[in-house]
Amino acid sequence: MTERASGIFSDIHHEDGRVRVTLLHDPSVEGLDTAIYMDGSGSMLDEYARTSGFPAPSPPPKSTLGKLWHWLSHPFGSTSSGSNVVDPQIRRMLQYLATKDRNAQLRVAYWACGSESGIEVVGELSAADLDQRRFDGPKVFGTTYLMPALRDFVEYMRAQRLQGAQRGCAVIVTDGQFFDAAKVKEYSQLVAEEIVAGSLPPLNFVLVGVGSEVDEEQMESICHAEYAGIEHMWCHRVAEEMEEIAQLVAVLVDESMTISSSGRLLDHRDQVLQVYEGRIPAVLEFDVPPGCDRFTLEINGERYQQAIPAEEDHH
């Protein structure tokens, strides 16, 4: 057995003999690539504090009823009544996800931009890039078609796989209902088949809805689908306000990132506390016997040991 340092663990809590610990990263996967896709639909104009959904001075295109409605609702020269509440949330999400990413750089993009095929890629960003960036929304706002974002991330992961990526996680934020939910489910099945066949690395999609216009039933229909060989690929949650999404994303990513290997959890005397078959959750919760001051997570012949703080201490 190989003994490893305890750097894979974080957020350790010990109370009444029960331990809750988060895996800082997946020790069985060398590289995780992450991405953020922010809603660029016209209903997000106020959240970005934009005066218009289209670049001035040219009038907006009117190829869809949605664009026409947004043009009428937000004429040029109008002013936004609030501040940009999206920008600080993107910053917080990026700073958090950068700690998970294999090279600390995330793909950041707006989706639902301009037309049914619209997506606007901001770039590959790290936490250090935030000083030079402001997230004011896409150049052209559109309607909520999700497929472009999914295709973009899948093609991105094809390329990253050739550079060493072994897993992918895309965070997708929306404030409305998808117009292409049926296509999303069909495409997800194809993606799952490629993952099982080994032509794509394992992928997770974290779907975060915000506000009262989100169709949670539609989200559940997408996220509850199971796929042979990989079980769930999607997860979702709904936040009431935009200010809640960064913290919500952190929880969802921790919950959805599971190790694909089996493993065992051992106490200070190498007695088995828990056995994980098939996968190990990113958040471990378990009871320890009196006097237990450390535990060991054993995965694929390697052992990762961690000291347990005293019950009155929290880290």
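Which residues does Gln160 touch, not counting residues up to four places away in sequence? Point 5 has the reply; here is the rest of the tour on the way there.

1. Ground rules. This is a predicted model, where local features need pLDDT of at least 70, side-chain atom pairs count only at pLDDT 80 or more, and totals for chains, interfaces and linings use all residues. Residues are numbered from 1 along each chain as its sequence is written, and side-chain values use heavy atoms, with hydrogens and water left out.

2. The overall picture. The protein chain has six helices and 14 strands; these are DSSP runs numbered from the N terminus (helices are H or I, at least four residues; strands are E, at least two). Of its 315 residues, 50% count as buried, where buried means under 20% relative accessible area, exposed over 50% and partly exposed in between (1.4 Å probe, protein chains only). Carbon and sulfur atoms hold 48% of an accessible surface of about 14800 Å², computed by the Shrake-Rupley method with a 1.4 Å probe, and for residues only the protein chains shown count as cover.

3. The sheet. Six strands form an open sheet in the order β6-β5-β4-β7-β8-β9, with mixed pairing; two strands pair if DSSP finds at least two bridges between them. At the edges sit β6 (119-125) and β9, each pairing on one side only. From one strand to the next, the twist averages 15°. Strands β8 and β9 run parallel and share six bridges, and Leu207 stands opposite His236 in β9.

4. Strand β4, worth a look on screen. Eight of the eight residues of β4 are buried, so this strand is largely enclosed by the rest of the structure. Both faces are covered, with Leu32, Thr34, Ile36 and Met38 on one side and Asp33, Ala35, Tyr37 and Asp39 on the other. Seven bridges tie β4 to β7 in parallel, with Thr34 opposite Cys169. Another five link β4 to β5, also parallel, and there Met38 has Tyr110 as its bridge partner. Helix α2 lies across β4, β5, β6 and β7, running at about 170° to β4 (axes are lines fitted to C-alpha atoms, for helices over the stretch in contact, and angles run from 0 to 180 degrees between N-to-C directions).

5. Gln160, in helix α3 (residues 147-161), counts as buried because its relative accessible area is 10%. Beyond its sequence neighbours up to four places away, Gln160 touches Asp33, Arg102 and Ala165; contact means heavy atoms within 4.5 Å. Arg107, in strand β5 (residues 106-111), is buried too, because its relative accessibility is 15%. The side chains of Arg107 and Asp152 make a polar contact of 2.8 Å (a pair of N or O atoms within 3.5 Å; within protein, one must be able to donate a hydrogen and the other to accept it, and residues adjacent in sequence count only if both atoms are side-chain atoms).

6. The cores. A nonpolar core is a set of buried Ala, Val, Leu, Ile, Met, Phe, Trp, Tyr and Cys residues joined through side-chain atoms within 4.5 Å. The largest has 36 residues, and those touching the most other members include Met38, Met93 and Ile245. Helix α6 (245-256) is among the elements giving two or more residues to this core, and α6 gives the most, with six. A second, separate core of 34 residues includes Tyr156, Met157, Val184 and Val191.
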